[in-house]
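Here are my notes on the model, in numbered points. Have it open next to you while you read.

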Amino acid sequence: MGVYYKDEPIRELHTALAAMGFQLVYPKDSGDLLKLIEHNARICGVVFDWDDYSLELCSEINDLNEYLPLYAFINTHSTFDVSLHEMRMVLYFFEYGLNAAEDIAQRIQQYTNEYRDTITPPLTKALFTYVKEGKYTFCTPGHMAGTAFQKSPVGCLFYDFFGANTLKADISISVTELGSLLDHTGPHLEAEEYIARTFNAEQSYLVTNG
């Protein structure tokens, strides 16, 4: 049995986050949590009690995913001993309090969006944005974001198998929103720089096949 001043704010937060589409799970202990993070890449944040777990848990989570947002709940008597290095973790503090769940949930949504933005490579991010904007293009390929496939029964089977986003993302390199492969500009350039940093190379280049 817990204590009301901690349990009730967490219950309210659970309700607020669930209403926003988050799925919340409750591991049995820190070991169970670490295994869950290790084997489930869809986890987008961890909420925990600072007095019970503090920095040791943060460090262990950070070893698994250095970008994963951590949300520590504190009270007026909580103690802090956080070094500059440890503050580089994606660590946020909230105070236990009633009727604060909606605001905290909004901030968690914001930090979750920032997390997804951080881990998404630049060209992938630009492609996702292009698809979400639902733009209509008259360049190749000729299936027009998949609409042409829906003109025949077998085309509909093909469309349903691969899904709308796959076909909307099947676009020409001439789409200006993704920059230029010839001039090495925009998201194409950002992607080449990202790849070079990832593999510790002086330069990298994106090329097309076909």
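How much space lies in the second largest pocket?

1. The second largest pocket holds about 250 Å³ of space. Before going further, some ground rules: this is a predicted model, in which local features need pLDDT of at least 70, side-chain atom pairs count only at pLDDT 80 or more, and totals for chains, interfaces and linings use all residues. Residues are numbered from 1 along each chain as its sequence is written, and side-chain values use heavy atoms, with hydrogens and water left out.

2. On terms: everything runs on a 1 Å grid over the protein atoms alone, where a cavity is a set of points at which a 1.4 Å probe fits but cannot get out, and a pocket is an open set with protein on both sides within 12 Å along at least five of seven lines; a lining residue has an atom within 4 Å of a point. Grid points are joined across faces, edges and corners, and a volume is the space filled by probe spheres set on the points.

3. Back to that second largest pocket. Its lining is Arg-116, Asp-117, Thr-120, Lys-125, Phe-128, Thr-129 and Lys-132. Helices α4 and α5 each supply at least two of the lining residues, and α5 gives the most, with four. (Helices are DSSP runs of H or I with at least four residues, strands are runs of E with at least two, and both are numbered from the N terminus.) By class, the lining has one nonpolar, two polar and four charged residues. Here Ala, Val, Leu, Ile, Met, Phe, Trp, Tyr, Cys and Pro count as nonpolar, Asp, Glu, Lys and Arg as charged, and the others, Gly among them, as polar.

4. The largest pocket has a volume of about 1,100 Å³. It is lined by 36 residues, and those closest to its centre are Val-25, Tyr-26, Pro-27, Val-46 and Val-47. Two or more lining residues come from each of α1, α2 (30–39), β1 (46–49), α3 (50–64) and α4. The largest share, six residues, is from α1. The lining splits into 22 nonpolar, eight polar and six charged residues.

5. There is one cavity of 30 Å³ or more, and the largest cavity has a volume of about 30 Å³. Around it sit Pro-9, Glu-12, Leu-13, Phe-73, Gly-97, Ala-100, Ala-101 and Ile-104. Six of the lining residues are nonpolar, one is polar and one is charged.

6. Which side chain makes a polar contact with that of Asn-75? The partner is Asp-51, at 2.7 Å. (A polar contact is a pair of N or O atoms within 3.5 Å; within protein, one must be able to donate a hydrogen and the other to accept it, and residues adjacent in sequence count only if both atoms are side-chain atoms.) Asn-75 is in the loop between β2 (70–74) and β3 (91–95). Beyond its neighbours within four places in sequence, Asn-75 is in contact (heavy atoms within 4.5 Å) with Tyr-5, Lys-6, Asp-51 and Tyr-96. The C-alpha atoms of Asn-75 and Tyr-96 are 5.9 Å apart, although 21 residues separate them along the chain.

7. Asp-49, in strand β1, also involves Asp-51: its side chain reaches the backbone nitrogen of Asp-51 at 3.0 Å. Asp-49 counts as buried, at 8% relative accessibility. Leaving out residues up to four places away in sequence, Asp-49 touches Lys-6, Ser-54, Phe-73 and Tyr-96.

8. The domain assignment, which is automatic or from a database, gives domain 1 (4–119) and domain 2 (122–199). Their centres, taken over C-alpha atoms, are 35 Å apart.

9. Is His-143 buried or exposed? His-143 is buried, with a relative accessible area of 9%. It lies in the loop between α5 (122–133) and α6 (153–162), and its side chain reaches the backbone nitrogen of Gly-146 at 2.9 Å. Outside four places in sequence, the contacts of His-143 are Ala-148, Phe-149, Leu-167 and Asp-170.

Key:
Buried < 20%, exposed > 50% of the residue type's maximum accessible area, 1.4 Å probe, protein only.
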